[in-house]
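Sequence and coordinates come first.

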Amino acid sequence: MFPLAGRFLLMPLLLLIGVSHSVEALPPKGIQLFFPPFTSTINCSIDGSADTFFKPSDICTIRDQAKQVILSADNVISARYQYKRRVQLWLSRSGYAASFSTMFVVAFLRSGDRIEVGNYNSFGGGIAFAITPDQKVGSSGPESFGLFEIDDKTGTSLRGGNTKTLAVEIDMSRRSTVQTFNDPQIPHVGIDINSVKSSAANSLGTFRQVVDRKLAVFIDYDAQKQLLQVRLQNLGFAANTTVVPNKKTARLYLNYRNLRLSSIVNPESYVGFSSRVPEQENGAYVLYDWKFSTTWVPVSY
């Protein structure tokens with residue numbers, strides 16, 4: 001027989017125990033990143049073996065009151081420009097996973113000398129939005145966007161099971177002469193999964209349609225549908241366009257299904273950009289805008 005005071009204490013305790021079994025685990029909170037202004041919350045790292053006298057801050061140069069990031073160097077080298085902190089993208093056995101959306105505006109700007117002689121040939125290697133396990137550029141070759149070391153014949157990562165990388169590339173250098181890659185002629189957009197041999201790719205037309213223009217890139221991943229979509233909008237010439245990015249008017253270039261992000265990348269990963277940046281004498285890549293957000297949704301896997 002419980003004492004009277006003990007019975008009054010026991011009843012709320014039993015109620016609390018019963019309630020605890022009925023409460024489901026809540027998903028992590030989503031995040032939202034907005035740039036500009038481009039700040040020190042984004043880290044620039046470069047290939048440590050690169051032949052350059054430039055520091056990372058000289059290669060990822062913030063300009064125009066932190067509204068632009070200029071990517072160029074004294075030599076063609078690989079660089080990363082990524083958010084400093086890892087981002088949670090999935091959580092094992094939680095019943096939830098993160099959908100994400102990202103948008104960025106980029107321009108591939110020719111140097112004055114190239115403009116003067118009408119040279120539209122490729123410069124640099126292109127740029128990729130990337131989800132990576134670390135911010136290590138390593139000794140990445142010219143075909144790799146600075147993502148990882150690769151087998152030059154197949155495009156496969158040499159980091160094996162540690163690659164854990166998903167990227168959406170805008171390729172400005174790799175031509176179809178590498179037969180095993182099966183990519184469209186440059187320039188093109190592609191989805192790379194632990195390899196720079198794209199799992200899906202689509203042509204962006206000619207260099208004249210891409211170079212010196214602002215391109216708005218919209219990437220959306222639906223964790224429930226396991227669907228990755230890539231849209232692009234040509235905003236016009238970078239020097240004078242006033243067009244605002246609008247996903248509703250952007251063209252759908254890639255619609256990639258059966259992509260389970262949790263089977264590709266780490267639960268917590270870095271997000272941002274990886275690039276084979278051009279030499280200053282040829283031109284520069286310019287980032288004007290970047291937004292990234294996650295929304296956690298229930299999943300059955």
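The sections below go from the basis of the values to the whole chain and then to individual sites.

## Basis

This is a predicted model, in which local features need pLDDT of at least 70, side-chain atom pairs count only at pLDDT 80 or more, and totals for chains, interfaces and linings use all residues. Residues are numbered from 1 along each chain as its sequence is written, and side-chain values use heavy atoms, with hydrogens and water left out.

## Overall make-up

The protein contains three helices and 16 strands. Helices (H or I, at least four residues) and strands (E, at least two) are DSSP runs, numbered from the N terminus.

Of its 301 residues, 50% count as buried; buried means under 20% relative accessible area, exposed over 50%, and partly exposed in between (1.4 Å probe, protein chains only). A contact means heavy atoms within 4.5 Å. Among contacts between residues at least 6 apart in sequence, 71% join residues at least 24 apart.

## Nonpolar cores

A nonpolar core is a set of buried Ala, Val, Leu, Ile, Met, Phe, Trp, Tyr and Cys residues joined through side-chain atoms within 4.5 Å. The largest has 61 residues, and F108, F129 and W290 touch the most other members. Apart from this core lies another, of 12 residues, including M103, V105, L235 and V286.

Beyond its neighbours within four places in sequence, F129 is in contact with residues including F100, F104, L166, I219, F273, W290 and F292.

## The disulfide

A search of the whole structure finds one disulfide, defined as a pair of cysteine sulfur atoms within 2.5 Å. C44 and C60 form the link, with an S to S distance of 2.1 Å. The link is right-handed, with 55° about the S-S bond. C44 lies in strand β2 (residues 42-46) and C60 in strand β3 (residues 60-63), 16 residues apart.

Both ends are buried: C44 has a relative accessible area of 14%, and C60 has 6%.

## Residue S99

S99 belongs to strand β7 (residues 96-110) and is buried, at 12% relative accessible area. Its side chain reaches the backbone nitrogen of A223 at 2.9 Å.

Not counting residues up to four places away in sequence, S99 touches Y221, D222, A223, S293, T294, T295 and V297.

Conventions:
Polar contact = N/O pair within 3.5 Å; in protein donor to acceptor, adjacent residues only side chain to side chain.
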